[in-house]
Amino acid sequence: MRYFDDLQVGDRIELGTHLFTAEDIKTFASQYDPQPFHMDEAAAARSHFGALCASGWHTIAAWMRLRVLYAQREDAERLARGEVLAKLGPSPGFRELKWLRPVYAGDTITYASEVAEKRVTRSRPGWGIIFARNTGTNQRGELVMSFIGSGFVERRPGAT
Amino acid sequence: MPKFYFEDFAPGWTAEYGPRRVSREEMIGFAAQYDPQPMHLDEEAARHTMLGGLGASGWHTCAVMMRMIADGLLLDTASMGAPGIDEVRWLKPVRPGDSLTVRGSVVGTRASQSKPDRGFVTFHWEVFNDRGDKVMTLVVPQMLMRRNGAA
């Protein structure tokens with residue numbers, strides 16, 4: 001991770017893609033969101049969705065996975081260059097999450113993240129909060145989900 | 001057949017669902033698959049983070065809450081999903097073995113202007129651990145069918 005002070009509003013990263021198979025959709029749904037349109041093709045066909053689609057929480061969990069893997073790749077490259085890594089803290093929350101279109105079985109979603117806002121925190125010296133607009137786009141180029149996430153990122157030592 | 005439709009909800013409605021225990025195994029399993037950060041995976045590594053010990057991925061807490069609301073309410077409701085989430089706040093870490101409960105209230109309701117078969121009920125959900133700490137809050141407009149269908 002780069003330090004809070006080195007991240008700029010507008011910085012955008014492409015995180016990669018995730019294929020939502022029917023099996024994965026049902027596995028996630030059976031554990032956490034067992035509504036019929038996420039569990040069963042026939043029931044989903046009768047619903048307003050028209051076909052089996054992923055739980056919205058599943059579509060974000062896949063984003064999170066790719067976000068973490070991106071950070072791990074980036075950290076490995078920084079270490080290889082002999083750079084110091086900034087620590088990444090937990091997230092205080094998110095806002096303005098929009099599930100804009102269903103994610104159907106067989107859809108491949110491409111995820112991205114763009115720094116939207118930076119905020120220095122008084123309560124946590126040495127840390128700042130980065131707000132990022134995170135998006136998922138399907139293979140037809142349609143935006144399927146968007147939210148403003150946040151997370152604590154370590155400040156450069158000595159930064160004020 | 002669903003028991004509850006859009007018309008059954010109004011400000012003043014409240015409910016509590018759960019408890020659901022979140023085991024260490026489930027917490028680490030979710031994190032390994034969807035949020036593989038050391039603070040969610042490894043006790044020793046987590047001790048040196050802001051969480052001060054192993055804590056669940058916030059997305060896992062959301063998913064556990066979703067399951068309690070699905071079992072308690074939505075599977076008996078003419079739910080059409082949610083178009084989004086207005087806001088989530090992760091207030092305190094969820095620890096291995098915590099039993100979570102969720103309390104909800106209705107903030108407001110509005111019939112869809114463009115589609116007469118549905119309406120939106122905005123719920124405010126609060127998740128508590130078994131020590132009484134509020135660990136998460138969430139505001140969500142839930143889309144529900146109207147009782148008379150395309151009335």
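The model is predicted.

Chain A has 160 residues, of which 36% count as buried. Its secondary structure comes to four helices and five strands. From the N terminus on, the order of elements is β-α-α-α-α-β-β-β-β. The C-alpha trace of chain A spans about 60 × 35 × 30 Å along its principal axes. Contacts in chain A with a separation of 6 or more were also examined by sequence distance. Of these, 68% involve residues 24 or more positions apart.

The two chains contribute to one sheet. Ten strands, written as 10 in the count, form an open sheet with antiparallel pairing. The order is S1(A)-S3(A)-S4(A)-S5(A)-S2(A)-S2(B)-S5(B)-S4(B)-S3(B)-S1(B). S1 of chain A and S1 of chain B (residues 14–21) stand at the edges. Each edge strand has a single partner, so one side of each is left without a neighbour in the sheet. From one strand to the next, the twist averages 20°.

A helix from each chain packs on this sheet. Helix H4 of chain A covers residues 56–80 and touches S1, S2, S3 (108–120), S4 (127–137) and S5 (143–154) of chain A. The direction of H4(A) makes about 125° with that of S1(A). Helix H4 of chain B covers residues 58–72. H4(B) touches S1, S2, S3 (99–111), S4 (118–128) and S5 of chain B. Its direction makes about 120° with that of S1(B).

The chains meet within the sheet at their S2 strands. Strand S2 of chain A (residues 93–99) pairs with strand S2 of chain B (residues 84–90) over five bridges, in the antiparallel sense. A:Phe94 has B:Val88 as its bridge partner in S2(B). A:Arg95 is bridged to B:Glu87 in S2(B). B:Glu87 also has a bridge partner in S5(B), namely B:Val139. S2(B) and strand S5 of chain B (residues 134–145) run antiparallel and are joined by four bridges. Within S5(B), B:Met136 is the bridge partner of B:Trp90.

The contact between the chains takes 23 residues from chain A and 28 residues from chain B. On the side of chain A that touches chain B, H4 and S2 of chain A are the elements that give two or more residues. H4(A) gives the most, with seven residues. By class, this side of chain A has 13 nonpolar, six polar and four charged residues.

Nonpolar residues gather in separate cores. The largest nonpolar core has 66 residues. The members that touch the most others are A:Trp57, B:Trp59, B:Met65, B:Met66, B:Ile69 and B:Val127. H4(B) supplies the largest share of this core, nine residues. Leaving aside neighbours within four places in sequence, B:Val127 is in contact with B:Thr61, B:Met65, B:Leu100, B:Val102, B:Val135 and B:Met136. A second, separate core has seven residues, including A:Phe4, A:Leu88, A:Ile130 and A:Val153. In soluble globular proteins, nonpolar side chains tend to be buried together.

Two members of the second core, A:Ile130 and A:Val153, are also touched by A:Leu7. A:Leu7 lies in the segment before strand S1 (12–19) of chain A. Beyond residues up to four places away in sequence, A:Leu7 also touches A:Arg2, A:Val115 and A:Lys118. A:Leu7 and A:Glu117 are 110 residues apart along the chain, and their C-alpha atoms are separated by 9.9 Å. A:Leu7 has 17 other C-beta atoms within 10 Å, so this residue is partly exposed; a buried residue would need 20 or more.

Two backbone features stand apart. Most residues other than glycine have a negative phi, and most peptide bonds are trans. A:Glu96, in strand S2 of chain A, has a positive phi, near 55°. In chain B, the peptide bond from B:Gly18 to B:Pro19 is cis, with omega near 0°.

Note on methods: Residues are numbered from 1 along each chain as its sequence is written. Chains are lettered from A and ligands numbered from 1 in the order in which they are written. This is a predicted model: local features need pLDDT of at least 70, side-chain atom pairs count only at pLDDT 80 or more; totals for chains, interfaces and linings use all residues. A residue is buried if 20 or more other C-beta atoms lie within 10 Å of its own, exposed if 12 or fewer, and partly exposed in between; C-beta atoms are placed from the backbone. Two residues are in contact if their C-beta atoms, placed from the backbone, lie within 7 Å. Two strands pair if DSSP finds at least two bridges between them. Axes are lines fitted to C-alpha atoms, for helices over the stretch in contact, and angles run from 0 to 180 degrees between N-to-C directions. A nonpolar core is a set of buried Ala, Val, Leu, Ile, Met, Phe, Trp, Tyr and Cys residues joined through C-beta atoms within 7 Å. Ala, Val, Leu, Ile, Met, Phe, Trp, Tyr, Cys and Pro count as nonpolar, Asp, Glu, Lys and Arg as charged, and the others, Gly among them, as polar.
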